[in-house]
Amino acid sequence: MSNAVLSAKNGVDILLGLQWGDEGKGKIVDVLTRKYDVVARFQGGPNAGHTLEFNGIKHVLHTIPSGIFHANALNIIGNGVVVDPVIFCKEIDKLIALEPHCLSRLEISRKAHLILPTHRLLDAASEAAKGKNKIGSTLKGIGPTYMDKTGRNGLRIGDIELPDFMERYQALKDKHMHLLGSYEPPFDLADAEMEWMRSIDRLRKMVLADTDISIQEAYKSGKRILAEGAQGTLLDVDFGTYPFVTSSTTTAAGACTGLGVAPNRIGEVYGIFKAYCTRVGSGPFPTELDNDLGQEIRDKGHEYGSTTGRPRRTGWLDLPALRYAVEVNGVTQLMMMKADVLSGLKNLEVCTAYMYRGEKITHLPYSLEADLLDPCYTTMPGWDEDLTGIHDVTKIPAALEAYTKFIEQETGVPVVLISVGPDREQTLWRA
Ligand code: IMP
């Protein structure tokens, strides 16, 4: 593994996505885990789908940190995460078949919030009411659960250990039913509740912990900690393309609030981005290729959602957006994913600026709506070579090296890694 990464600063390192999610974070956490003692998820929930591939098998994780396949790492689901017990238990069952001892290296924060079946109903009702302004939510109940968290109504994992848990559950369910009014549920609520309660019983037997304290102690005893983000910077509730965003803080600040880590304890910030852009769900996407080339990239890059199976929208790399993500997160090392997908394109367009209300700008403006903004592109030569079998970074095509250097120059941050395929082994370190 790279010396640059090994000589990382002391502290809690953060790994996060710089675009609209699906950048390939799961693969990189898995690649990096061997140098970390603790891997902790800090936000999001089962709307995420982190894909890892090794020994010819593909694994998709939704709530569980991507360090779970490494025997020596403690995996933490932090307080900033929202947990659907049913999805979580299904994920555990799949994992146990492969990693029988995985539960012994997993801690779940008592302060993480629970997604109730009625949260999913509220999500569906809210999307239905939005008509053509739909966000394209994954409908996993994420938004309503975070709303109950900030509204101070939520149920937390720690509540399942309390004697009055059922009363608390009923009170929140009643509140939701009142809000739902005559909304017709798209699934059988009674069945969903039964399954949910069975999963709660299973959760009670797992390691529920004050993970903020576990992380603080791990830090003080010199353990190496990696905070794993979900979704991406442009889906952040504050800094993303609001309102077409998720409901959590997907940026570096989210690692502090979602784990209980002080800002001055943050070390490296690894920013993961694709060599092009994708977005799933609605919302502005300035460099979108809504044409045959976009479809070619979608098919070649298997750009279909790992959680919902929805086709992802595809487009060219957007540097003003990437620079913004680098700044908002304080990225110290960039990692470029899926370079192999661009092989065979004669030229690559890279967005370097926008025409915004008649003026050329190089930053991300308040609104990215298509009628206000036109991307300005720089054309770069593409490469023909298949990259998937390359194991030595010095053997990459000159055009890919030039593309990478251009990104470094435009962002001011080194690209330390280029990924050329989904497998752990298809990873080229540049530093
Ligand atoms: P929600 O978080 O399920 O409410 O979805 C809100 C928006 O974020 C929708 O556009 C989703 O498609 C998008 N989104 C949520 N999670 C992910 C993810 O893991 N990858 C990519 N997009 C996501």
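The views below show a predicted model.

**View 1. The shell of residues around the ligand.** In this predicted model, 15 residues surround the ligand, and the closest are N47, T138, T246, V280 and R310. Sorted by class, the shell consists of 6 nonpolar, 7 polar and 2 charged residues.

View 2. The side chain of N47 places an N or O atom 3.0 Å from an oxygen atom of the ligand, whereas V280 takes part through its backbone, a polar atom of which is 2.9 Å from an oxygen atom of the ligand. R310 contributes a polar side-chain atom, which lies 2.9 Å from an oxygen atom of the ligand. On its own the ligand has 470 Å² of accessible area, and the protein covers 96% of this.

**View 3. The salt bridge between E195 and K90.** A search of the whole structure gives 24 salt bridges, and one of them pairs E195 with K90, whose closest N and O atoms are 3.6 Å apart.

**View 4. The salt bridge between K111 and D212.** Here the closest N and O atoms of K111 and D212 are 2.6 Å apart. The two partners again come from distant parts of the chain, 101 residues apart, with K111 in the loop between β7 (106-109) and β8 (113-114) and D212 in helix α8 (residues 211-220). K111 is partly exposed, with a relative accessible area of 37%, while D212, with a relative accessible area of 14%, is buried, because the cut-off for a buried residue is under 20%.

View 5. The side chains of D392 and K395 meet in a salt bridge with an N to O distance of 3.2 Å. D392 counts as partly exposed at 31% relative accessibility, whereas K395, at 57% relative accessibility, counts as exposed.

Methods. Residues numbered from 1 in each chain as written. Predicted model: local features only at pLDDT ≥ 70, side-chain atom pairs only at ≥ 80, totals over all residues. Heavy atoms only, no water. Near = heavy atom within 4 Å. Polar contact = N/O pair within 3.5 Å; in protein donor to acceptor, adjacent residues only side chain to side chain. Areas by Shrake-Rupley, 256 points an atom, 1.4 Å probe, with all protein chains shown as cover. Nonpolar A, V, L, I, M, F, W, Y, C, P; charged D, E, K, R; others polar. Salt bridge = Lys/Arg side-chain N within 4 Å of Asp/Glu carboxyl O. Helix = DSSP H or I, 4+ residues; strand = E, 2+ residues; numbered from the N terminus. Buried < 20%, exposed > 50% of the residue type's maximum accessible area, 1.4 Å probe, protein only.
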